Amino acid sequence: MKNMKILTTTVLCLLLSFFMGTTAMAESITSPDGQLKLNFSVNMQGEPVYELSYKGKEVIKPSKLGLELKNDPGLMNGFTLADIKTSAFDETWEPVWGEVKSIRNHYNEMAVTLNQKAQDRNLIICFRLYNDGLGFRYEFPQQKNLNYFVIKEEHSQFAMAGDHTAFWIPGDYDTQEYDYTESKLSEIRGLLQGTITPNASQTPFSPTGVQTSLQMKTADGLYINLHEAALVDYSCMHLNLDDQNLIFESWLTPDAKGDKGYMQTPCNSPWRTIIVSDDARNILASRITLNLNEPCKIEDTSWIHPVKYIGVWWDMITNKGTWAYTDELPSVKLGQTDYSQTKPNGKHSANTANVKRYIDFAAKHGFDAVLVEGWNQGWEDWFGKSKDYVFDFVTPYPDFDVEEIHRYAASKGIEMMMHHETSSSVRNYERHMDKAYQFMVDNGYHSVKSGYVGDIIPRGEHHYGQWMVDHYLYAVKKAADYKIMVNAHEAVRPTGLCRTYPNLIGNESARGTEYESFGGNNVNHTTILPFTRLIGGPMDYTPGIFEPDCSKMNPNNKSHARTTLARQLALYVTMYSPLQMAADVPENYERFMDAFQFIKDVAVDWDETKYLEAEPGEYITIARRAKNTNDWYVGCTAGYNGHVSKLSFDLLDPDKKYEAIIYADAKDASWDKNPQAYTITKKKVTSKSKMTLKAGIGGGYAISIKEIK
């Protein structure tokens, strides 16, 4: 009987251990407000496991963590819990520019040290739990048995608690320029297969690969966002979905050899972020991505400032004008291009006279800068004959007088914005970078729009791999040496690095307004981007298209922008950026000067932001208070169903009176039938005022609210 009791006790212990599996050695922390709870454990196989709940609801079910290494047993299992350190942190910091004057960085931290006894090495997993979400990363201390290593794959899991609705774009190592698809998680495979094919140069994704930032909504009303922060010296993360078990797992961008990362201790991964709330507005308001980045590393930031600009761009996007000076290939002698024997095509947009016209328009209407694309030699070669063509970034076409443009712009108080199309020949750009930046300084250019169109040279590298991630940051740091601000297009999606390097004043890295000339964006595109792409940082979306019919620019372009004119105004508020372009041509603005007044008035830097209404894919309404003023601006963008807002003005100072100018869709306005129908109304308002406004299908409204002094 005694032996039977011992046997029974032993079996019970073994069963208890088996069923507790992922809860053995469990530790937990909560967010400062107690609403979020993180549990961490090491299971019986020595695998790190975490789970996350919000107000008692499952957000992330038990999910494994670890990394697979090349020619190495890896950092996946065989761990024991060696140490746990918990701490709290609370600070308030001020961004150089931003949506708010100050940002609170308040979290509880748990740093878990794991010992892999068989390999005699340690791994630290650091968790930071905020009121709005979780950030975690891998930290690799310097140690005898972990010095240099190659990542074969990162295996961070995000196990979903249900078949959520997701707003996603397909996995791609080189572009985010897709319209978003709204579907259940279980539907992703079917929607991807046979409809979207990865580039031939790509290592095949799982048929359920998607990109971050990924926005989801649960059946019981939780909003969940997955992304990453502080992407430095590491490959960009995608997510593969095990759609049988509804588990996302990280999938890093490979290099030309298929490796995912080259590391040397001490080092760490980027932060993996999970933002969660039962109110969609809190997803937009989250500052977790910025908070997980390091503080500003630029000592003197006085030269960094928001910019409102126009540019020689839209007429080329619609193919009314051209980037190239000629349709012929010029002769080349001793490394010098000779255009004397070529015939100008008569459509080159970046000519001195036309650029002066833009400078005059900018000066007249209070803009800061003018962007000029297609000013430098080589576009006819790159577009027409050789995708391997490389630019030198300092040699203008014969019809573009750099010195005269510099003089003329300075006389009008206008800055010039440089354009560097690298043609994705990255080593060539780095070779010319010092000379190119000095050329900018010498000719009055304080900001640069860089482009990375085409396959990366050297061949086999990808836009989102570790090698290119390092390059983008190198370009930003080098630009800071010359006091130049950077607006990088076709670069890796942002992950909050603008906190550390605020001269990174903008990015594209998503499907922007240019696609309105390439067939059009989805009608609800701008109701999704703030929940996805903008989670990482501001986007140079280039709004302000007043003429949606592209055939008015070019009879051969049959595209039609899927937007009303009033929504184009709203985007200056809903699509946050310290770099805002009035993207249309001056003659289109001159047809609608009453509506253009909002673009002239709207600020580009803010002290306060209020998210009034939000539902991904449906509508977003945002109010912002301009820097150092009591003036507010409101914008609403709506999708396929339009939207009716019932606004309260209680955000206004109760002791002040204001005048509101409302730029709204007309009663019969919609993007497809009557896009240029709008009304402008002036009203006196106070903090007690209320208002009902309607946005049409693909429409919106904008309001400027100025204090009456």
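Contact here means heavy atoms within 4.5 Å. The model is predicted: local features need pLDDT of at least 70, side-chain atom pairs count only at pLDDT 80 or more, and totals for chains, interfaces and linings use all residues. Residues are numbered from 1 along each chain as its sequence is written, and side-chain values use heavy atoms, with hydrogens and water left out.

**Stop 1: two helices**

Select residues 352-364, helix H6, and residues 402-411, helix H8. Helices (H or I, at least four residues) and strands (E, at least two) are DSSP runs, numbered from the N terminus. Now show the side chains of Thr352, Val355, Lys356, Ile359 and Asp360 in H6; these meet Glu404, Ile405, Tyr408 and Ala409 in H8. By class, this contact has five nonpolar, one polar and three charged residues (Ala, Val, Leu, Ile, Met, Phe, Trp, Tyr, Cys and Pro count as nonpolar, Asp, Glu, Lys and Arg as charged, and the others, Gly among them, as polar).

The helices pack at an angle of about 15°, with their axes 10 Å apart. Axes are lines fitted to C-alpha atoms, for helices over the stretch in contact, and angles run from 0 to 180 degrees between N-to-C directions. H6 and H8 are therefore roughly parallel to each other (angles under 35 degrees).

**Stop 2: the sheet**

Next, colour the open sheet of eight strands, in the order E1-E2-E3-E4-E11-E18-E17-E14, with antiparallel pairing. Two strands pair if DSSP finds at least two bridges between them. At the edges are E1 (27-30) and E14 (209-211), each pairing on one side only. The twist averages 25° from one strand to the next.

Finish on E17 (residues 237-242) and E18 (residues 247-252), antiparallel strands joined by six bridges. Select Asp242: its bridge partner in E18 is Ile247.

Note on methods: Parallel < 35°, antiparallel > 145°, perpendicular 65-115°, else oblique.
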